[in-house]
Amino acid sequence: MKRRVLLQGAAGAAFMAGGALPAAAQSRAETLRYVTGATINTLDTTMPGATREAFGLSMNVYDRLFSFGRKKVGENWAFDPDTIRGELAKSYSISPDSKVITITLRPDATWHDGTPVTAEDVKWSLDRHVTAKSLAAPQFTTGSLTKADQFKIVDPQTVTVTLDKPDRLALANLCVCYAIMINSKLAKKHATADDPWAMEWMKTNTAASGAYIVDSHKPGESTVLRRNEKWIGGAGGALPFFKRIIIQTVPEPATRANLIERGDADLAIDLAASDLPTIEKSAKSKVVSIPQTNGFTHISMNTQMAPFDNLKVRQAVAMALPYEDMFKAAIFSRGTKLYNATWSTVPPDASFPQAIPNKTDLAKAKALLAEAGHPNGFSTTFAFTAGQTATAEPMAALVKESLGKIGIQVEIQKKPDAEFNTLESEKKMPLFTDGATAWLPYTYYFFYLYFTRDQRWNFASFKSKKMEDLTLDARYQTDKAKYEEDCKQMIELFNAETPLIMLWQPNHDAVMAKSVDGYTYQFYRQADFRDLKRV
């Protein structure tokens, strides 16, 4: 206990030493101190291996052409994927055939170096995203943005995007973390014949126009931002409240919580769920909890591997799980349940994720197992990644106990993160748990991403011609009623085939000083400093 207190004190002292001096010119009220568990490993969010913390930084430093709006969820705020507003774009229009998007830029937008934002910069940025070997290209394909010749300069303030077919995700893809708009004149100064897109230079430098400017960056330690006083990309053109942001990496969750409680930091996320009830009782800090509406935790079964290639086996497992006990033990009931729905075959609406009619029924589970040819059960493994130990370990113990009651003997395997990710990609695990988050939380996109094609995110290796046809039709469907009917059929098929078992949407919990307000849950699950203020 003494050692833990000593370490917490040392971390606090280091935080103050690392953060106080750069902010000396700003009042405490105008400075936000943010402690994060992981590192900002690149300033270019399109780089393979970029961390979520890098995504969060990028959203505050770079502008995109568009951004999602935000909406109230209970007493808190969350991003609104159904509202798209201009960031660097002043306006847009879509042709009657939905194949051409015409984008008009803000005439007074400037880069951090003071030079004007032009259509040439936008064209170069979009070309980079579909051409360079980065994370942007595969993401952009989901909106049919695949070739540089789709982007045309009309005049210095106007660009068009042309699609082969109407794609409902084309515009939304211009809002995501990878869709950064780059000062092409600055970036090209640092390009080479071997690196025409200046990718190496942009790992440690910025060519941006966003709300904040990077003052200093020490990977693995700290990053200091100052407000861009000429930023016009905010809603209504408003500047962010905070003039300076100090970001520091503090790996230990308990230490981050302690820094908030002592007033040495203002904001932290990704703390241990077990610590949050105590923090909620604090007189100095508060917890903002918002369900991760664009994600879900699941248990997947490899549908191409015996015995989980048998539908009745999958249904038996779904009926044997102790949902309520897992919900309480894994995440302390901090989330939205995705089980125990009242409908049976046809979903009530086209939204997804939504609760599925899975309920614990051991007698029926055992009967289904017998019908599947396994009256005495079988043996299998249940894997999870070490990085999810806090939530997955208590879940795994309950899975082992409950499946044992119907004759399925389970060996629990806690895998190192790298090994787990490799095995998951190579489809070599029969039964495992993981989480999934879709940046573009539209029903079609969830099913296209997680239940079609032989690719990384098809956790259950699910193969269904009907599912592929439904997602293909929905992707290019311009009739709203037909689109929603496609989506309801996808949910119905998913429920009938049980490729994986939906568990819950965990809360996104942000801990902050009571004086901080306006926190918004974003699709990339990081802090957006632009919405925050001190009250």
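The paragraphs below go through the cavities, then a pocket, then a helix.

This is a predicted model, in which local features need pLDDT of at least 70 and side-chain atom pairs count only at pLDDT 80 or more, while totals for chains, interfaces and linings use all residues. Residues are numbered from 1 along each chain as its sequence is written, and side-chain values use heavy atoms, with hydrogens and water left out.

Start with the cavities. On a 1 Å grid over the protein atoms alone, a cavity is a set of points where a 1.4 Å probe fits but cannot get out, and lining residues have an atom within 4 Å of a point. A volume is the space filled by probe spheres set on the points, which are joined across faces, edges and corners. The structure holds 4 cavities of 30 Å³ or more. The largest cavity has a volume of about 60 Å³. Its lining consists of Y34, T36, I40, E53, G56, L57, I247, Q526, A527 and F529. Two elements, β1 (31-36) and α2 (52-61), each give two or more residues to this lining, and α2 gives the most, with 3 residues. Helices (H or I, at least four residues) and strands (E, at least two) are DSSP runs, numbered from the N terminus.

By class, the lining of the largest cavity has 6 nonpolar, 3 polar and 1 charged residues. Here Ala, Val, Leu, Ile, Met, Phe, Trp, Tyr, Cys and Pro count as nonpolar, Asp, Glu, Lys and Arg as charged, and the others, Gly among them, as polar. The second largest cavity has a volume of about 50 Å³. Among the residues that line the second largest cavity are D63, K230 and W231, and its lining divides into 4 nonpolar, 4 polar and 2 charged residues.

A pocket, in contrast, is an open set of points with protein on both sides within 12 Å along at least five of seven lines. The second largest pocket holds about 880 Å³ of space. It is lined by 38 residues, of which P81, D82, R168, Y442 and Y483 are the closest to its centre. The largest share of this lining, 6 residues, comes from β3.
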